[in-house]
Amino acid sequence: MKNIRMLFIQMTSGANLQQNLDKVASELAQQAPGSVDMVIVPEMFALFGSKEQRALAEQETTFNGPVGSVIRQLAVEHGVWIVAGSVPAMASASNPMARCHVVDAEGELVASYDKIHLFDANVTDKQGAYRESDDYSAGSEVVCFDSPWGRLGLAICYDLRFPELFRQLAEQGAELVIVPAAFTYVTGKAHWEVLCRARAIENGLFIAAVNQAGQHDAKRQTWGHSMLVTPWGEFESLADSAGSKVFTADLSKIEQARTALPVHQHRKLL
Ligand SMILES: O=C(O)CNC(=O)[C@H](CS)NC(=O)CCC(=O)C(=O)O
């Protein structure tokens, strides 16, 4: 596996699709040519807190709508892979899926993952209760895929709380799991770092978790602190407001960690 240079774009996405897409384009335009392998944007980066998500889902069934076409073009223009956080996509179910797409530097789809665990929670913040399952259907397929840098896995946001998903990703060979997110300020402050580091340490893999950050509207505030975690649990992170940074995963650390602590060999199926 080769080192991978990832641009994390931590966003305060809002209800204006064009503004959100412009933000991605402007962050990419600031990078020196050839300095980034892959760009990662957060969950629902293109449309956040908007009633238009379902209408967008109708246009993005094949990721060729107003979001997919722009993302594919940016990938080609800059010669980078893009992990497009999540975008609503109409599938066979009555509600859309919260779908993460990965496109390569030719703008072709490499993988798509539908969020498996939907955020139905009674968090005490300004938002009150969250009922993601009112608007979305849940995926059921664990997604791992090969890349020029190694084998990658996908998870989204609330999925971070389900170690069995990450164990399956590890069993399918994932060396780095990419986690676009929109963790709330309240739950992020309490749990985000611990969850990201635990999933990395217990599976001997990298976690690249890219979160929304800041005040989106009167009700929604997210935690930020997007982070790259090594299989040893070391991490680098962004702050709590919008920003972007290139993080490089030194993939030799996987073997080091797995040799030092061969937990995969010591598992007992209880
Ligand atoms: O619906 C959108 O527009 C964007 N999506 C989200 O904000 C999603 C579903 S409501 N948020 C989470 O999964 C937060 C999980 C979380 O914060 C935790 O597990 O603590």
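Val-83 stands opposite Val-102 in strand 4. The model is a predicted one: local features need pLDDT of at least 70, side-chain atom pairs count only at pLDDT 80 or more, and totals for chains, interfaces and linings use all residues. Residues are numbered from 1 along each chain as its sequence is written. Strand 3 (residues 81-89) and strand 4 (residues 97-103) are antiparallel and pair over six bridges. Two strands pair if DSSP finds at least two bridges between them. Strands (E, at least two residues) and helices (H or I, at least four) are DSSP runs, numbered from the N terminus.

Axes are lines fitted to C-alpha atoms, for helices over the stretch in contact, and angles run from 0 to 180 degrees between N-to-C directions. Contact between two residues requires C-beta atoms, placed from the backbone, within 7 Å.

Another open sheet of six strands has the order 8-9-10-11-14-15, and its pairing is mixed. Its edge strands, strand 8 (144-147) and strand 15 (235-237), each pair on one side only. Neighbouring strands are turned by 20° against each other on average, direction ignored. Strand 9 and strand 10 (residues 176-181) run parallel and are joined by three bridges. Val-177 in strand 10 is the bridge partner of Gly-153. Helix 5 (residues 185-203) lies across strand 11 (206-211), strand 14 (227-229) and strand 15. This helix runs at about 155° to strand 11.

The ligand is surrounded by 14 residues, counted as near if the C-beta atom, placed from the backbone, lies within 6 Å of it. The closest are Met-44, Phe-119, Cys-157, Ala-182 and Thr-187. The shell divides into eight nonpolar, three polar and three charged residues. Ala, Val, Leu, Ile, Met, Phe, Trp, Tyr, Cys and Pro count as nonpolar, Asp, Glu, Lys and Arg as charged, and the others, Gly among them, as polar.

Most residues other than glycine have a negative phi. Met-44 is not a glycine, yet has a positive phi of about 50°. Met-44 lies in the loop between strand 2 (38-41) and helix 2 (53-59). Met-44 counts as buried because 25 C-beta neighbours lie inside 10 Å. A residue is buried if 20 or more other C-beta atoms lie within 10 Å of its own, exposed if 12 or fewer, and partly exposed in between, with C-beta atoms placed from the backbone. Cys-157 also has a positive phi, near 45°. Cys-157 is found in the loop between strand 9 (150-154) and helix 4 (163-171). Cys-157 is buried, with 27 other C-beta atoms within 10 Å.

Lys-115 is found in the loop between strand 5 and strand 6 (120-121). Lys-115 is buried, with 24 other C-beta atoms within 10 Å. Setting aside residues up to four places away in sequence, Lys-115 touches Ser-86, Ala-98, Ala-138, Gly-139, Ile-156 and Asp-159. Lys-115 and Arg-99 are 16 residues apart in sequence and 6.2 Å apart in space, C-alpha to C-alpha.
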